[in-house]
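Colleague: I'm new to this one. Can you walk me through it?
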Amino acid sequence: MGSKMSKNNNVVLSKLVTNEQHGENSPYFDGWNAYRNDPFYLVNNLNGVIQMGLAENQLPVYKIEEWIKRNPKASICTTEGIESFRRIANFQDYHGLPKFTSGIAKFMEKTRSGRVKFDPKRVVMAGGATGANENLILCLADPGNAFLVPTPYYPGFNRDLRWRTGVELLPISCNSSNNFKITIEDVKEAYKKAQKTKIKVKGLILTNPSNPLGTVLDRDTLINLLTFTNEHNIHLVCDEIYAGTVFDAPEFVSVADIINDDKIRINKDLVHIVSSLSKDLGFPGFRVGIVYSFNDDVVNNARRMSSFGLVSAQTQHLLASMLSDDEFIGKFLIENPRRLKERHEKFTGGLEEIGIKCLKSNAGLYCWADLRPLLKEPTLDAELSLWKRIISDAKLNVSPGSSFNCPEAGWFRICFANIDDETVEIALSRIQMFVDANNKVNESGLIKNALVKKE
């Protein structure tokens, strides 16, 4: 009976689940499918597709494993921790375990060098940054409203921020002429354009550190953007989920640093932060996202909304113990950036030897690579053609800039922290072979063109 029903063309699903706003009809997600269909393994599939489209931090996982071995009581599923099972397995309200929210607040302080304090009572949990972003947008805007967002930006925003909220994203075009830096002039232009089309702009969304650029916003830029949003009475949402991945100067400046400066007069009710443990600790599977707002009404309503995507009490219990271990977290926040810097230098240095340049960056789990010299022409079609050849010929899943709404063809995000050292070497050798083959094709084309002209 069930199978017949599923094949019945008369069954109509909701407009929400069947519309195209989920954002998954993108090369960003298509590349993941290519990897899933033929995944690379060192042991039994050396010719498979290497996943370099996933911003996952596996470099510090061994440190986490060591801590878990030393702290068996942190889990309710061990002989040592079973005494807490009944208490934790019981229903917990959506405020979160007090020790968990306190641990999150302390961790947010430490990833921002202790320059600002965070109030545990303002920590609202969600199912990963995806759930946190959607929860916040549902609190701030109605369907048809819009948020400005500088390009290039994370492809998942089209799903996280738009799909179920009905909110629009209005790109602020940034380009390579100034290293994709956002300027107040660009913001003003995008805002005026929206006003002319009668779109109600509810806020500006920033990712700091940036995904996919791997760069951080400087203090003056943040002040200018805060001043602009404040003057226009619109929200500033700062996605700071990569705060703990900054591995080199300049230092990361959180929006919380700015608004706590007594010299700067800002309406705090318009400022909100999205945080997570997915990137900083390498816990994407734990689904720990955080909404932190300076607005009491947003905190209260986001907490009510969070009942649709809570963090399990078992996960909260384990992380509360880990995050309260000051010695471990202190060492981790030194070791993690060190390893990220080492891997970044190894990978980008390898690309440079091949002849591929990257945008100068100091954060994140990826590099923003300039593959424009490999394009047949500076167009979106040429970029997608190159991307398809990289997947099919080099067997590498990298993400084309167009999936990040990049206005210039030829830029690609390549992730380097989700694979081991040996796989990095294999990936670099594949890129070398691909570039060599591409150059030979281009050279033969030039020779043909020269012969034609001569004739």
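This is a predicted model: local features need pLDDT of at least 70, side-chain atom pairs count only at pLDDT 80 or more; totals for chains, interfaces and linings use all residues.

Colleague: Which domains does the chain have?
Modeller: The domain assignment gives domain 1 (18-61 + 330-444) and domain 2 (72-324).

Colleague: What separates their centres?
Modeller: The centres of domain 1 and domain 2 are 26 Å apart, taken over C-alpha atoms.

Colleague: And how many residues are in contact?
Modeller: On the domain 1 side, 36 residues are in contact with 41 residues of domain 2. Between them the two domains bury about 3300 Å². Carbon and sulfur atoms make up 59% of that area.

Colleague: What about salt bridges between domain 1 and domain 2, how many?
Modeller: The count is one. The side chains of Asp248 and Lys341 form a salt bridge, at 3.8 Å from N to O.

Colleague: Which elements of domain 1 give two or more residues to the side that touches domain 2?
Modeller: They are helix H3 (27-37), helix H14 (326-354), strand S10 (366-370) and strand S13 (411-415). H14 gives the largest share, seven residues. By class, that side of domain 1 has 17 nonpolar, 12 polar and seven charged residues.

Colleague: Back to H3. Which of its residues are buried?
Modeller: Pro27, Tyr28, Phe29 and Gly31 are buried in H3.

Colleague: And what covers the buried residues of H3?
Modeller: The cover includes helix H8 (157-163) and helix H15 (380-394). It also includes strand S11 (396-397), strand S12 (399-400) and S13.

Colleague: New topic. Arg303: buried or exposed?
Modeller: Arg303 counts as buried because its relative accessibility is 9%, and the cut-off is under 20%. Arg303 sits in helix H12 (residues 296-305).

Colleague: What does Arg303 touch?
Modeller: Leaving out residues up to four places away in sequence, Arg303 touches Tyr94, His95, Lys121, Arg122, Val123 and Val124. With Val123 there is a polar approach: a polar atom of the Arg303 side chain lies 2.9 Å from the backbone oxygen of Val123.

Colleague: Now the backbone. Where are the cis peptide bonds you'd show me?
Modeller: One joins Asn208 and Pro209, with omega about 0°. Pro209 is in the loop between strand S5 (201-207) and helix H10 (219-231). Another joins Ala249 and Pro250, again with omega about 0°. Pro250 is in the loop between strand S6 (235-239) and helix H11 (255-259).

Colleague: Why point those out?
Modeller: Because most peptide bonds are trans. Most residues other than glycine also have a negative phi.

Colleague: Which residues other than glycine have a positive phi here?
Modeller: Arg287 is one of them, with phi near 55°. Asn405 is another, with phi near 65°.

Colleague: Where do Arg287 and Asn405 lie?
Modeller: Arg287 is in the loop between strand S7 (271-276) and strand S8 (288-293). Asn405 lies in the loop between S12 and S13. Arg287 is partly exposed, with a relative accessible area of 35%. Asn405 is partly exposed too, at 30% relative accessibility.

Colleague: Last topic. How many salt bridges does the structure hold?
Modeller: The structure holds 18. One of them joins the side chains of Arg115 and Glu251, at 3.4 Å from N to O. That pair links distant parts of the chain, 136 residues apart. Arg115 is in the loop between helix H6 (98-110) and strand S2 (123-127), and Glu251 is in the loop between S6 and H11.

Colleague: Which residues are joined into one network?
Modeller: Lys106, Lys110 and Asp326 are, through salt bridges that share partners.

Conventions: Residues are numbered from 1 along each chain as its sequence is written. Side-chain values use heavy atoms; hydrogens and water are left out. Domain bounds come from an automatic or database domain assignment. Contact means heavy atoms within 4.5 Å. Buried area is the accessible area (1.4 Å probe) that two parts lose on being put together, summed over both. A salt bridge is a side-chain nitrogen of Lys or Arg within 4 Å of a carboxyl oxygen of Asp or Glu. Helices (H or I, at least four residues) and strands (E, at least two) are DSSP runs, numbered from the N terminus. Ala, Val, Leu, Ile, Met, Phe, Trp, Tyr, Cys and Pro count as nonpolar, Asp, Glu, Lys and Arg as charged, and the others, Gly among them, as polar. Buried means under 20% relative accessible area, exposed over 50%, partly exposed in between (1.4 Å probe, protein chains only). A polar contact is a pair of N or O atoms within 3.5 Å; within protein, one must be able to donate a hydrogen and the other to accept it, and residues adjacent in sequence count only if both atoms are side-chain atoms.
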